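Take a moment with the sequence and the model.

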Amino acid sequence: MKEYSLYLGCLIPNRYPGIEKATKLVLDRLGIKWSELKEASCCPAPGVFRSFDQNTWLTLAARNIILCEEKNTDLLTICNGCFSTLVDANNILKNNGDLRVQVNDHLKKIGKEFRGTIQVRHIIEFLDKEIGAKMIDEMIEKPLELKVALHYGCHLLKPTKERKLGGAEFPKFFDGLVEATGALSIPYEGKNSCCGAGGGVRSAMLETSLKMTEFKLERIKKAGADCIVEACPFCHLQYDSGQVELAKAGKIFDVPVVHYSQLLGLALGYSFEDVGLHLNATRNPGFESKIALLQKKDASIK
Amino acid sequence: MKNSDILTCFQCGACTGSCPSGKYTSLNVRRIIKDSLKKDISDHPDLWMCTTCYNCQERCPRGIKVTDAILSLRAEAARKGHILPAHRVVCKFLIETGHAVPIDQINMTKRENIGLLETETVRKYPKALKDVRKLLELTGFNGLIQE
Ligand code: SF4
Ligand code: SF4
């Protein structure tokens, strides 16, 4: 297998380092050759920066991509926002000669050039295509009998014409990876709805963004989920910190939020602390003892 | 507005009907598309209520790139100085640190507690940060977000 550059972005190393830790453990355990991308900056975030100025957005994204071109590795991201920026920018610059010239004109002044030689991968589509749910299923040490409310996140799938990962109304591949851990991906109303964080809405209009989060949480709770699983630190932040913010208005949900790397880590036998879930803002003791029990139960069977 | 596809909009409202933000806010994306053809809507606050979820773009029967159109309208607004204070802060973080969300003490401690070393990003490499800043200057971003 080729080597991949792990691109972490901002939110994971700087707000949810537990996701970083879990991802590194899991990649090693799966035998994936990876190294952390050095010198990277913000992707830059699609909501604010792509909105403000396409040229700036493309130029900074190109610099991050070039860091991978220089290492001759594909880029692996664990964030829907970074994926959206980097995969779109990579495609735009590969296909649009005029924009490429414009961007390279800036990059020349720091001694760099976009050449268009690498691919941008998101951990979920990467695991689905390169490892496969079946293989993951076979590697699982602690099947996690949990009811999971899966949240794909908008930018993993959409725009579907660009992503080419299938339709956005009834996607299946992420559910397959969740179920490979022994969990059940339960149906719930509004499953494909937005968490509310994107587009700069969370940073500028917290209350508005939380209304969308509340919509989701109500339905997730009603469906009887043990936890939410996503593959994006911004969705993670919105659900996890969002519940603390909603609690201030008397709206209590207590639904634990788990990045897929963390779920997979638990299923591979790593502890709650190993995968950094104790660093979440929303803690649910019932969930934590359930995980401990599931992990112990399986060990005693073996 | 360059997106000439917009002219094919027949005001069906599928975009507005599938908008998660519009459920709770005054954002009416159909109206935004319509109005953008007739007048300058740069100062319209609803432009910033979109989460860029792409539902409208996915569901538009005419294949109009609705979300992309909103991004272009936002860029036009930003060029005219309509930038929300919170977004200006995020932009300044990017210019200062190379990160829209820079590390803070709480999270530095969290990292240490789970045995993670210093991040390998621009934070650790001053020359790399200098490059990022230079690019932001070259693209005119610093000027764009100046008050
Ligand atoms: S869905 Fe498309 S055609 Fe219908 S109102 Fe919206 S932009 Fe116009
Ligand atoms: S992309 Fe924006 S306008 Fe379109 S449906 Fe989503 S939130 Fe609404």
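B:Gln11 is partly exposed, with a relative accessible area of 26%. On this scale, buried means under 20% relative accessible area, exposed means over 50%, and partly exposed lies in between, with a 1.4 Å probe and protein chains only. B:Gln11 is found in the segment before helix H1 (14–17) of chain B. Helices are DSSP runs of H or I with at least four residues, strands are runs of E with at least two, and both are numbered from the N terminus. The phi of B:Gln11 is positive, near 60 degrees, in a residue other than glycine.

A word on the ground rules. This is a predicted model, in which local features need pLDDT of at least 70, side-chain atom pairs count only at pLDDT 80 or more, and totals for chains, interfaces and linings use all residues. Residues are numbered from 1 along each chain as its sequence is written, chains are lettered from A and ligands numbered from 1 in the order in which they are written, and side-chain values use heavy atoms, with hydrogens and water left out.

B:Gln11 is also one of the residues around ligand 1. A residue counts as near a molecule if one of its heavy atoms lies within 4 Å of it. Others around ligand 1 include B:Cys9, B:Cys12, B:Cys15, B:Arg30 and B:Cys60. By class, this shell has nine nonpolar, two polar and one charged residues. Here Ala, Val, Leu, Ile, Met, Phe, Trp, Tyr, Cys and Pro count as nonpolar, Asp, Glu, Lys and Arg as charged, and the others, Gly among them, as polar.

Where does ligand 1 sit? The space it takes is the largest cavity. A cavity is a set of points on a 1 Å grid over the protein atoms alone, where a 1.4 Å probe fits but cannot get out. A molecule sits in one if more than half of its atoms lie within 2 Å of its grid points.

Ligand 2 sits in the second largest cavity. Among the residues around ligand 2 are B:Cys19, B:Cys50, B:Cys53, B:Cys56 and B:Tyr54. Helix H3 (55–59) and helix H4 (66–79) of chain B each supply at least two residues of this shell. The shell around ligand 2 divides into eight nonpolar, four polar and no charged residues.

Step back to chain B. It is divided into domain 1 (3–79) and domain 2 (85–144), with bounds from an automatic or database domain assignment. The C-alpha centres of these two domains lie 31 Å apart.

Now the cysteines. A:Cys227 is buried, with a relative accessible area of 0%. For B:Cys91, the closest cysteine sulfur is in A:Cys42, at 10.0 Å, so it is too far for a bond. B:Cys91 is buried too, with a relative accessible area of 0%.

A cis peptide bond joins A:Cys43 and A:Pro44, with omega about 0 degrees. A:Pro44 lies in the loop between strand E2 (33–36) and helix H3 (46–52) of chain A. Another cis peptide bond joins A:Lys158 and A:Pro159, with omega about 0 degrees. A:Pro159 lies in the loop between helix H9 (154–157) and helix H10 (160–163) of chain A. A:Lys164 lies in the loop between H10 and helix H11 (173–180) of chain A. A:Lys164 has a positive phi of about 55 degrees, although it is not a glycine. A:Lys164 is exposed, with a relative accessible area of 65%.

Definitions and conventions
On a 1 Å grid over the protein atoms alone, a cavity is a set of points where a 1.4 Å probe fits but cannot get out, and a pocket is an open set with protein on both sides within 12 Å along at least five of seven lines; lining residues have an atom within 4 Å of a point. A disulfide is a pair of cysteine sulfur atoms within 2.5 Å.
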